[in-house]
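Let's take a walk through a protein structure together.

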Amino acid sequence: MRIIHSDTIEDAVYRLAREACLNLIPSCKAALVRAEREEENESAKFALSAVLKNAETAAAEQMAICQDTGYAVVLAEIGQQVQIQGKLLCEAVDAGVRRAYRDFCFRKSICDPITRVNTADNTPAALHTEIVAGDKIALTFLPKGFGSENMSRIYMLTPAKGTEGIIQAIVETVRLAGSKPCPPVYVGVGIGGTFDGCALLAKKALTREVGSRNPRKDVAEIEERALKEINELGIGAQGFGGKTTAIGVSCELAPTHIAGLPVAVNIQCHCVRCTKTVL
Amino acid sequence: MKKITLPLTQEEIRSLHAGEGVLLSGAILTGRDCAHKRITEFLDRGEALPFTLAGATIYYAGPCPAPEGKACGSCGPTTSARMDAFTPRLLSLGLKGMIGKGERSPKVCEAIEKYGAVYFAAIGGAGALYGNAVKKSELVAFPDLLSEAVYRFTVEDFPCVVAIDGKGGNIYKR
């Protein structure tokens, strides 16, 4: 049994939130640099170069890269040999979020869904826990903007729809989102599982490096084919047209029921922010 | 890029074409989801708004708090389509400019044409650049809405693309 104090978790979340909101992940930046270089549409090229300049400014001046510093999504993989002492895990995570969003001038974007009254400290975080083997805690922080979250969809396909149906669902989601989610987008896809589990898989897919491929060959092919079809839509950066509508498609899989084929498509804007640590 | 000083004149609006880059300077009001709902409630009750819509340019944005030494924190545009339900009414009251990101509904496009207004696209996700273009920020109304309150920004060389020009030009129509 290894003891980890809740203060350690709180401090880790604080650092992860700060780093995430100030920086693009390198694989996202590399994809945007490539997109800008290859773009021929003048307005789209202007948008991409502004986004890259923005990333430099944000890092240099320690300003949030996007004002939508997001719903604080925290994925915690907790080793079964770990005992957490101190506060409850969710309290420690929220405390880290609260301090970071206050100290670094990040926007507080969480509110009651009916009254719309803001909680004023960006809590609660969306905390997903998983018990895994070992004596460590792996934390992932994903500040999720909602312009793109709003454009996400879930499809409960029939098994007969198969691979073609999956690709159609992914491409349709991006087509219907159009210019709204800040394209070029990063597309996280969950395939299989249950209604709820499928959506979480899609979110987890967004924590992968942009441009990475699923180790399963048939799944990697879905990623590649979907990306190609999306980039033929012509939506382009900011919806101004052009070559790059998405910078990546990542699919994650889980076994599903014999009667179903859930496909969840979680849209992420071009501002891919995600930090990880292991305690 | 064409430099424009706000408030917009009718002549200037007529001279703009979808796809053209502009740098805006002058006063803009911020307003997003909750502020639009609040404005509509004021109008429904027949009460005067705490700011003037006639001739104004509204920026669909909710800024990050200002760090020390800056007028404003990170502040890029939010998705304009969520304001579509409110927009034709505001245009009928003299709103002339809108800044946001993404396409608008057919009803908004018609109203832009009818009332001689213009819709600018700012670059979504360029929050730090836009925050730095804000030289002064004053809270104008609805402080309880926090980042969704209405602020009056004084901006300098605020980069946008003319997205819907009121003459049928629409950058999102492919």
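This is a predicted model: local features need pLDDT of at least 70, side-chain atom pairs count only at pLDDT 80 or more; totals for chains, interfaces and linings use all residues.

Where they touch, domain 1 of chain A supplies 14 residues to the contact and domain 2 of chain A supplies 13 residues.

Now look inside. Which residues have the most contacts inside the largest nonpolar core? They are B:Phe51, B:Tyr59 and B:Phe120, in a core of 94 residues. Strand 7 (residues 150-164) of chain B gives the most to this core, namely 10 residues. Chain A takes part as well: domain 1 (2-20 + 65-144) and domain 2 (147-273) of chain A both give residues to this core, so it lies between them.

Next, turn to the helices of chain A. Helix 1 (residues 6-22) and helix 4 (residues 89-103) of chain A have axes that come within 8 Å and cross at roughly 40 degrees. Are these two helices parallel or oblique to each other? Angles under 35 degrees count as roughly parallel and 65 to 115 as roughly perpendicular, and helix 1 and helix 4 of chain A are therefore oblique. Their crossing is right-handed. On the side of helix 1 of chain A, the residues in contact include A:Ile9, A:Val13, A:Tyr14 and A:Ala17. On the side of helix 4 of chain A, they include A:Leu89, A:Val93, A:Gly96 and A:Ala100.

Another pair to find is helix 6 and helix 8 of chain A, which pack at an angle of about 40 degrees with their axes 9 Å apart. That angle makes helix 6 of chain A oblique to helix 8 of chain A. The crossing of helix 6 and helix 8 of chain A is right-handed. Among the residues making this contact are A:Ile166, A:Ile167 and A:Ile170 of helix 6 of chain A, along with A:Ile222 and A:Ala226 of helix 8 of chain A.

Most peptide bonds are trans, and most residues other than glycine have a negative phi. Yet the peptide bond from A:Pro183 to A:Pro184 is cis, with omega near 5 degrees. You can find A:Pro184 in the loop between helix 6 (162-177) and strand 7 (185-192) of chain A. Chain B has a cis bond from B:Leu6 to B:Pro7, with omega near 0 degrees, and B:Pro7 sits in the loop between strand 1 (2-5) and helix 1 (10-15) of chain B.

As for phi, A:Gln238 is not a glycine, but its phi is positive, about 60 degrees. This residue lies in the loop between helix 8 (217-230) and strand 8 (246-254) of chain A. Is A:Gln238 buried or exposed? With a relative accessible area of 3%, A:Gln238 is buried. B:Asp157, in strand 7 of chain B, also has a positive phi, near 50 degrees. At 32% relative accessibility, B:Asp157 counts as partly exposed.

Note on methods
Residues are numbered from 1 along each chain as its sequence is written. Chains are lettered from A and ligands numbered from 1 in the order in which they are written. Side-chain values use heavy atoms; hydrogens and water are left out. A nonpolar core is a set of buried Ala, Val, Leu, Ile, Met, Phe, Trp, Tyr and Cys residues joined through side-chain atoms within 4.5 Å. Buried means under 20% relative accessible area, exposed over 50%, partly exposed in between (1.4 Å probe, protein chains only). Helices (H or I, at least four residues) and strands (E, at least two) are DSSP runs, numbered from the N terminus. Domain bounds come from an automatic or database domain assignment. Axes are lines fitted to C-alpha atoms, for helices over the stretch in contact, and angles run from 0 to 180 degrees between N-to-C directions. Angles under 35 degrees count as roughly parallel, over 145 as roughly antiparallel, 65 to 115 as roughly perpendicular and the rest as oblique. A crossing is left-handed if the near helix is turned anticlockwise from the far one by less than a right angle, and right-handed if clockwise. Contact means heavy atoms within 4.5 Å.
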